Amino acid sequence: MTASAPQLVFASAADHFVGVVRQIPDAAWGDPGLGEWNVRDLVGHASRSLITVSTYLKVPAQREDVPDAVDYYVRMHSYAAGMGAAAVVERGRQAGRELGDDPAATVEALASRVQAELTAVDDPLIEVIGGLGIRLSSYLPTRTFELAVHGLDIARAVGIDAEPPAEVLADAAALAARIGVALGRGTTALLALTGRTDLPRGFSVV
């Protein structure tokens, strides 16, 4: 089937993520990554953006509960709060352990598998976390966003220069802005992006 625009941008994000992980020095996997995660944990957490697409493609949804990527993130704010920070941290650590002895090769295999699976589908309704139904074309931008942001996190943690492709940055930045608006933080983000003010300490849309 012909790939949709979200599929093409997701593929670009996945390829870039694989490239970033390939550059991680052997001695750096246990180094600090992000928050309580080391680099392996962070890569494991980010790799779930490949795993979940592959998993959810196998779970059709009966209805569309989530109309777009912005609504997905708005809903995830409440869901993540209910899970608790400790559960999120542990899930990342477990994902890191599951990368095995050659985490870079595991990530590459995950990316290849999900991209092959995407070529066989159009735009199905899939069931994601919380049992919510969402179109694949609405879900993929959320995974592009995660791969872009965490790819930058990883690059910063290990000291490499690895900027995502322009189309990935454009999609991720636009989604971040729309999430900010939906959460009532759009004015703050716009003023900062146009040089009027600085962002408050700890400001985030996710």
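Predicted model: local features only at pLDDT ≥ 70, side-chain atom pairs only at ≥ 80, totals over all residues.
**Entry: E90 and R97.** I looked up E90 and found 37% relative accessibility, so I noted E90 as partly exposed. Its salt-bridge partner is R97, with the closest N and O atoms 2.7 Å apart. R97 comes out at 46%, so I put R97 down as partly exposed too.

**Entry: the other salt bridges.** How many salt bridges are there? I got a count of six. One of them joins K58 to E117, with 3.4 Å between the closest N and O atoms. I liked this pair because it links distant parts of the chain: K58 sits in the loop between α2 and α3, E117 lies in helix α5, and 59 residues separate them. K58 is exposed at 58% relative accessible area, while E117 is partly exposed at 22%. I also found R63 and D65 meeting through their side chains in a salt bridge, 2.7 Å from N to O. R63 is exposed, with a relative accessible area of 53%.

**Entry: the core.** I then turned to the largest nonpolar core, which has 56 residues. Its members touching the most others are F17, I24, V43, L50 and Y72. The biggest giver is α6, with nine residues. Last, I followed I24: leaving aside residues up to four places away in sequence, I24 touches W29, V39, V43, I154 and V158.

Methods: Residues numbered from 1 in each chain as written. Heavy atoms only, no water. Core = buried A, V, L, I, M, F, W, Y, C linked by side-chain atoms within 4.5 Å. Buried < 20%, exposed > 50% of the residue type's maximum accessible area, 1.4 Å probe, protein only. Helix = DSSP H or I, 4+ residues; strand = E, 2+ residues; numbered from the N terminus. Contact = heavy atoms within 4.5 Å. Salt bridge = Lys/Arg side-chain N within 4 Å of Asp/Glu carboxyl O.
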